[in-house]
Amino acid sequence: MDTKEINHIAKLARLKFDEGSVEGITKDMNDILKWMDILQSADTSSVDNNEDDAQELRQREDVVKISNLSEDLMKNAPECYEHYFTVPKVVE
Amino acid sequence: MSYIIKGRTCDYEVVIGLEVHCQVISKAKLFSSASAESGGTPNDHVAFIDAGFPGMLPVVNKFCVEQAVKTGLGLNAKINKKSVFARKNYFYADLPQGYQISQYDKPIVGEGYLDIELEDGSTKRIGIERLHLEQDAGKSIHDMLPGKSCIDLNRSGVALMEIVSKPDMSSPYEAGAYLTKLRSIVRYLETCDGNMNEGSMRCDANVSVRPVGSKELRTRCEIKNVNSIRYLMQAIEYEANRHVDAYDNGEEIYQETRLFNANKKETRSMRGKENANDYRYFPDPDLAFPLVVSDELLEKVKNSMPEMPEEKAIRFVQTYKISEDEAKRLSAEKTVANYFEEAMKEKGSDGKKTANLILVELAAYMSENQIENIYELKTTASRLGRITALVEDGTIGLRIAKELLPMIEETDKEPEAIIEEKGLKQVSDTGEIEKIIDKIIADNPKNVEEYKAGKEKLFGFFVGQVMKATQGKANPAVINKLLKDKLS
C-alpha cells in the first residue's frame with residue numbers, strides 16, 4: 001500500500017491524519033499486511049472445510065419485544081431535539 | 001412497438017434496468033425485535049442494535065426470510081439454499097452502524113423473470129438478476145431546525161428486499177409495466193404493501209442508450225428514488241434524451257447518480273457517490289454462518305403460495321363468463337380482483353355487467369377523484385353486485401345502473417333506497433310506453449317518412465327520444481318491439 005491508498009481509505013473512514021504521520025501509518029499497514037500473508041501461507045489442506053458440516057445462522061421468531069427505549073437511547077446522544085437525534089445539517 | 005430516439009447521426013434505443021426496494025411486511029425488524037411499523041413517535045421503534053450501539057448482536061428474523069423466499073418463488077426465481085450477509089460500508093447520519101447489513105455475492109434469491117404486457121397486447125419476458133435482503137436506513141429531516149438535520153431511526157433496520165432486474169427493458173412504457181407488475185406480485189403475495197407514495201416501495205433506474213441494432217452497453221446513469229410509476233417513465237424519457245443529445249454533441253456520459261425533479265421533469269447530477277468497490281463489502285462477522293433455506297421451509301412456502309394474477313384471470317373467464325381481456329384487467333390488482341369476486345357473491349349478479357361497471361364507470365370515477373383503493377368507494381362490492389342483479393331481473397336499466405354509482409358515492413345510500421326515492425324503476429308497462437311512442441311519432445313526421453323510405457339509422461333516433469321522455473327508465477327491449485310494430 002502506498003500513501004495514496006492510505007489517504008483514500010482514511011477519507012472513506014472519515015479519519016484525518018497529520019501530514020507527517022501518513023508515512024508511519026503506511027509502514028504499519030504494510031507490516032500488518034505482511035503478517036496476513038504469513039497467515040495466508042499456512043497449509044490448511046488437511047483442515048475439514050466441508051460446508052455441509054458448518055453451522056448455520058441462528059434465526060428468531062417475528063415477535064416485537066422492544067419499545068419505548070427512546071429515553072435510554074437519547075441519554076448518550078450529544079444532541080437531541082424533542083424525540084429526534086440532531087446532527088449538523090447533512091444537505092444544503 | 002419499439003421506442004426509438006432520433007439522433008443526428010443515427011437512431012438510438014434505450015436500455016433500462018431497475019432496482020426496486022420493497023419494504024418487507026413483518027411485525028419486527030430484520031435483525032432486531034423492535035417494531036417494523038412505520039410512523040409513530042420518532043425513535044420509539046428502535047432497539048439498541050438499530051441505533052448502532054456497541055456490543056449488540058444481530059439475529060435474523062425468520063419471517064423476513066420466508067417473505068423473501070415467497071417473493072422469489074413469485075418471480076419464478078432460483079432460491080439459494082445458502083446465502084451470506086455482508087456489510088456495505090458508508091457514512092451517513094441516518095445509518096448509525098456506519099454500514100448497512102446487506103447481501104453481496106451470495107444473495108438469497110437468484111435469477112428469475114416476470115412477464116409484462118406491451119402496448120400491442122403481446123407479452124415480453126423481463127429477467128430478474130437477483131433479490132437480496134438488507135436493512136433499511138433511518139430518516140433524516142432537514143427542514144425542522146435551522147442548521148441541523150433531525151434523525152428518526154424508526155425505519156432503521158426494517159427489512160428490505162432489493163429486487164434487481166436485468167437490463168431488459170427498452171422503453172419508458174416497459175419500465176412502467178415492469179414496476180406495475182412487480183407491485184401487483186408483491187401485493188398478491190402480501191410480502192410488501194407496494195405503496196410508492198409512502199416509500200414502502202422505491203425504485204432506482206439505470207438508463208443508457210445505444211445505436212439501434214448494436215449490442216454494446218454504454219455508460220449508464222442511475223436515477224434515484226423515483227416515487228411513482230408516472231415519474232419513473234418521465235425520468236427515463238428525459239434521461240435517455242439527455243444521453244442522445246450528449247452523443248450528438250460529441251460529449252461523454254459519465255457514470256453517476258442523478259435525482260429526478262418531478263416539477264421540472266428533468267434529472268440532475270447528485271454529488272458523485274463513491275464507486276461500487278468503495279463500499280468495501282465484506283462478510284459480516286456478526287453473521288458469519290450462512291443463512292440456510294431448509295427444504296422444509298421451501299416446501300412450506302410453496303404450499304402457502306396464493307393464486308397469482310395469471311391463474312386468477314383464467315379462473316375468472318371460466319367462472320364468470322367474462323372476456324379474457326376483462327379478466328386480465330380485473331386480476332391485475334389484488335384489491336380489484338377481490339372486490340369483483342365479492343360483488344359476484346350477491347344473488348343474481350352478472351359477471352359481464354359487474355366487470356364493465358368496475359373497469360369503465362368505477363375506474364373513471366376513481367381516477368377523477370384520485371381514489372387508489374377500490375374499497376374506499378361508497379359503492380361497496382355488495383352494492384355493485386346488487387345493482388347488476390337488479391339490471392338482470394329487469395328492475396332497472398343499464399343506463400340507470402351507471403347513473404346510480406355517482407349518486408351512491410354522494411349519498412352513501414343503498415341502491416334500492418335511491419331507486420325507490422327517485423322512482424328509477426324501469427318502465428316495462430307497454431301501455432305507458434305506447435302513449436309516449438305515439439306522441440313522438442306524431443311530433444316527428446319528417447323522420448318517420450325518411451325511416452319508412454329506408455333510412456334505417458333513424459331507428460336509433462326514436463329509441464333515444466323514448467329514453468329521453470322516460471328519463472332512461474323505459475325497458476329497451478319493450479321500446480324496440482313497440483317501435484318496430486308502430487313504424488312498420
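This is a predicted model: local features need pLDDT of at least 70, side-chain atom pairs count only at pLDDT 80 or more; totals for chains, interfaces and linings use all residues.

Reader: Into which domains is chain B divided?

Author: Chain B has domain 1 (4–300), domain 2 (309–422) and domain 3 (430–487). The centres of domain 2 of chain B and domain 3 of chain B, taken over C-alpha atoms, are separated by 31 Å. Their contact takes 4 residues from each of the two. On the side of domain 2 of chain B that touches domain 3 of chain B, the classes are 1 nonpolar, 2 polar and 1 charged.

Reader: How should I read strand pairing? Which strands does β2(B) pair with?

Author: Strands count as paired when at least two bridges are found between them. Strand β1 (residues 4–6) of chain B is joined to strand β2 (residues 11–23) of chain B by 3 bridges, and the two run antiparallel. A hairpin of 4 residues links β1(B) to β2(B), and B:Lys6 is opposite B:Asp11. With strand β12 (residues 201–211) of chain B, β2(B) has 11 bridges, again antiparallel; here B:Glu19 faces B:Asp204. With strand β11 (residues 159–165) of chain B, β2(B) has 5 bridges in the antiparallel sense, and B:His21 is opposite B:Glu162.

Reader: What is the order of strands in the open sheet of 3 strands?

Author: The order is β6-β5-β16 (chain B), with antiparallel pairing. β6 (99–103) and β16 (282–283) of chain B are at the edges with a single partner strand each, so one side of each has no neighbour in the sheet. Between strand β5 (residues 85–89) of chain B and β6(B) there are 5 bridges, and B:Lys88 is opposite B:Gln100 in β6(B).

Reader: Now a helix. How does the span of α2(B) agree with its number of residues?

Author: One takes 1.5 Å a residue and compares the result with the distance between the end C-alpha atoms. Helix α2 (residues 172–189) of chain B has 18 residues and should span 26 Å; its end C-alpha atoms are 26 Å apart, which agrees. After α2(B) comes B:Glu190, whose phi is positive, near 55 degrees.

Reader: How many residues of α2(B) are buried?

Author: A residue is called buried if 20 or more other C-beta atoms lie within 10 Å of its own. In α2(B), 14 of the 18 residues are buried, so the helix is largely enclosed by the rest of the structure. Helix α7 (residues 334–344) of chain B also has buried residues, including B:Val336, B:Tyr339 and B:Phe340. The buried residues of α7(B) pack against α2, α5 (309–320), α6 (324–331), α8 (351–368) and α9 (381–392) of chain B.

Reader: What is the largest nonpolar core made of?

Author: Nonpolar side chains tend to be buried together in soluble globular proteins. Here the largest nonpolar core has 77 residues, and B:Ala175 and B:Ala205 have the most contacts inside it. The largest share of this core, 9 residues, is from α2(B). Leaving out residues up to four places away in sequence, B:Ala175 touches several residues, among them B:Ile16, B:Leu18, B:Ala205 and B:Leu232. A second, separate core has 30 residues, including B:Ala313, B:Tyr339, B:Leu377 and B:Leu405.

Reader: How many residues does each chain give to the contact between chain A and chain B?

Author: Chain B gives 39 residues and chain A gives 30 residues. Among the elements of chain B that each supply at least two residues are β3 (60–61), α1 (62–74) and β10 (148–152). The largest share of that side of chain B, 5 residues, comes from β10(B). By class, the side of chain B divides into 20 nonpolar, 12 polar and 7 charged. The bridge partner of A:Arg60 is B:Asn61.

Reader: Last, a loop. Where is B:Gln471 found?

Author: B:Gln471 is in the loop between α14 (458–469) and α15 (476–487) of chain B. B:Gln471 has 14 other C-beta atoms within 10 Å and is therefore partly exposed. From B:Gln471 to B:Ile223 there are 248 residues in sequence and 54 Å in space, C-alpha to C-alpha.

Definitions and conventions
Residues are numbered from 1 along each chain as its sequence is written. Chains are lettered from A and ligands numbered from 1 in the order in which they are written. Two residues are in contact if their C-beta atoms, placed from the backbone, lie within 7 Å. Ala, Val, Leu, Ile, Met, Phe, Trp, Tyr, Cys and Pro count as nonpolar, Asp, Glu, Lys and Arg as charged, and the others, Gly among them, as polar. The expected span of a helix is 1.5 Å times one less than its number of residues. A residue is buried if 20 or more other C-beta atoms lie within 10 Å of its own, exposed if 12 or fewer, and partly exposed in between; C-beta atoms are placed from the backbone. Domain bounds come from an automatic or database domain assignment. A nonpolar core is a set of buried Ala, Val, Leu, Ile, Met, Phe, Trp, Tyr and Cys residues joined through C-beta atoms within 7 Å.
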